[in-house]
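The following note sets out several points for discussion with a colleague.

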Amino acid sequence: LVTLALSLAAAETVLRWWVDPSRVYRTIRPLPAVSGFHNALRFWEQHRANGPSQVGHDPLLGWDFDIQGDRIRGVRPATWAADDLGIVALGDSFTYGNEVGPRENFSALIDARPGFRVLNMAIPGYGIGQACLKYAYYGTEHNPDVVLFGIYVDDYHRTSLGFTSSAKPYFVISPAGLGVLGQPVPTPAEQIGGVQRQLDQRRSVLWDALQSLWLKATTGPEQEAAYFDATDLIVTELLRQLGDSLGSHQRLIVIHIPRAEHFVDPDPFRAAMGKRLKGIYEALDIEHIDLEVEFLNGANAQQVFDRYYVHRSSGSVGHFSTAGHQRVMELVLQR
């Protein structure tokens, strides 16, 4: 008994003082509350020493750029001529154009074509719900001819999370319909304090770690199916409301964006999310450009992986490369 007690005490000490909390509380994707807490811990670990920046905090959206301006990426005025085809682009970092130059993302490439004007309102890290909220709050005033919505497969998962790269609004379905929770979003400093208080209240990190392992081991197909069914309802209602908000002269086009790894080593969970998303587009009769299919038109899977995505020096694979953005631009213009 003494040996066991000393071993438990040693394990508790190691976990409490030498193991990052995010390694103890592993993300479990079919359980949004657990996954969101894991993300909050990673945020706390990254920013607790020097404090997070307040730049970009938005109490309605979680974060945004150019909050005092027109909230678009680019230097041209947020207006268009009467004979231009006006486009508002929504989405996350793929649409925003991470890892390429400011004029190399597909929105900027379309904008450079005569007769087109694109306002890029995408923001890195956004889920489907945040993008829809941004359009409702700040995009409708532009009265675009086309809403071009880049939906990366992971955006499906972000929709029901209250914390991804930072705290954010999230969505639930109740008998009253679609509801948004988490507003006003706390400031980054408040988020740090909230996580710290939760960690201070822990009685035993070892017990929490064992519970986390048990939860991960017992979360199976039943919980995964329940997660997908609940998230489908939320995403469906978000996209339905976005479509219903458009006038008869306006057109919604979704760009379905897969991860690079999908073409060479697909992850089953993300593949299931992609399949769910495409089922929702079909059910709502939403016009969409399926890059899982279109990228393979004239190239094989390995070529798509090599050419259309950024390959970092670390060995990881990131966002669209310049060639990838060029190809997306071509596909959009064909539509």
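1. A salt bridge is taken here as a side-chain nitrogen of Lys or Arg within 4 Å of a carboxyl oxygen of Asp or Glu. The model is predicted. In helix α14 (residues 322–334), R327 and E330 lie three residues apart, about one turn of the helix, and their side chains meet in such a bridge at 3.2 Å, N to O. R327 is buried at 13% relative accessibility, whereas E330 is partly exposed at 32%.

2. The whole structure contains 21 salt bridges. One of them joins the side chains of D64 and K134, at 2.9 Å from N to O. Because D64 belongs to the loop between β2 and β3 (85–91) and K134 to helix α6, this pair ties together parts that are 70 residues apart in sequence. Both partners are buried: D64 has a relative accessible area of 1%, and K134 has 0%.

3. A further salt bridge is made by the side chains of D92 and R158 (3.1 Å, N to O). D92 is placed in the loop between β3 and α4 and R158 in helix α7, so parts 66 residues apart in sequence are tied together. D92 counts as buried at 0% relative accessibility, and R158 counts as buried at 18%, the cut-off being under 20%.

4. Helix α6 (residues 128–139) is largely enclosed by the rest of the structure, because nine of its 12 residues are buried. Among them are I128, C132, L133 and K134.

5. The largest pocket has a volume of about 1,400 Å³. Its lining comprises 45 residues, and R42, G125, R158, T164 and S165 lie nearest its centre. α3 gives the most to this lining, with seven residues; α8 (188–200) and α11 (268–284) are among the elements that each supply at least two. By class, the lining has 15 nonpolar, 20 polar and 10 charged residues.

6. How many cavities of 30 Å³ or more does the structure hold? There is one.

7. On the surface, L1, L4 and L8 form a nonpolar patch, with about 370 Å² of accessible area together. L8 lies in helix α1 (residues 2–18) and is partly exposed at 44% relative accessibility.

Terms used. Residues are numbered from 1 along each chain as its sequence is written. This is a predicted model: local features need pLDDT of at least 70, side-chain atom pairs count only at pLDDT 80 or more; totals for chains, interfaces and linings use all residues. Side-chain values use heavy atoms; hydrogens and water are left out. On a 1 Å grid over the protein atoms alone, a cavity is a set of points where a 1.4 Å probe fits but cannot get out, and a pocket is an open set with protein on both sides within 12 Å along at least five of seven lines; lining residues have an atom within 4 Å of a point. Grid points are joined across faces, edges and corners, and a volume is the space filled by probe spheres set on the points. Helices (H or I, at least four residues) and strands (E, at least two) are DSSP runs, numbered from the N terminus. Ala, Val, Leu, Ile, Met, Phe, Trp, Tyr, Cys and Pro count as nonpolar, Asp, Glu, Lys and Arg as charged, and the others, Gly among them, as polar. Patches are made of residues with over 30% relative accessible area and no salt bridge: like charges are joined within 9 Å, nonpolar side chains (Val, Leu, Ile, Met, Phe, Trp, Tyr) within 5 Å. Accessible areas come from the Shrake-Rupley method with a 1.4 Å probe; for residues, only the protein chains shown count as cover. Buried means under 20% relative accessible area, exposed over 50%, partly exposed in between (1.4 Å probe, protein chains only).
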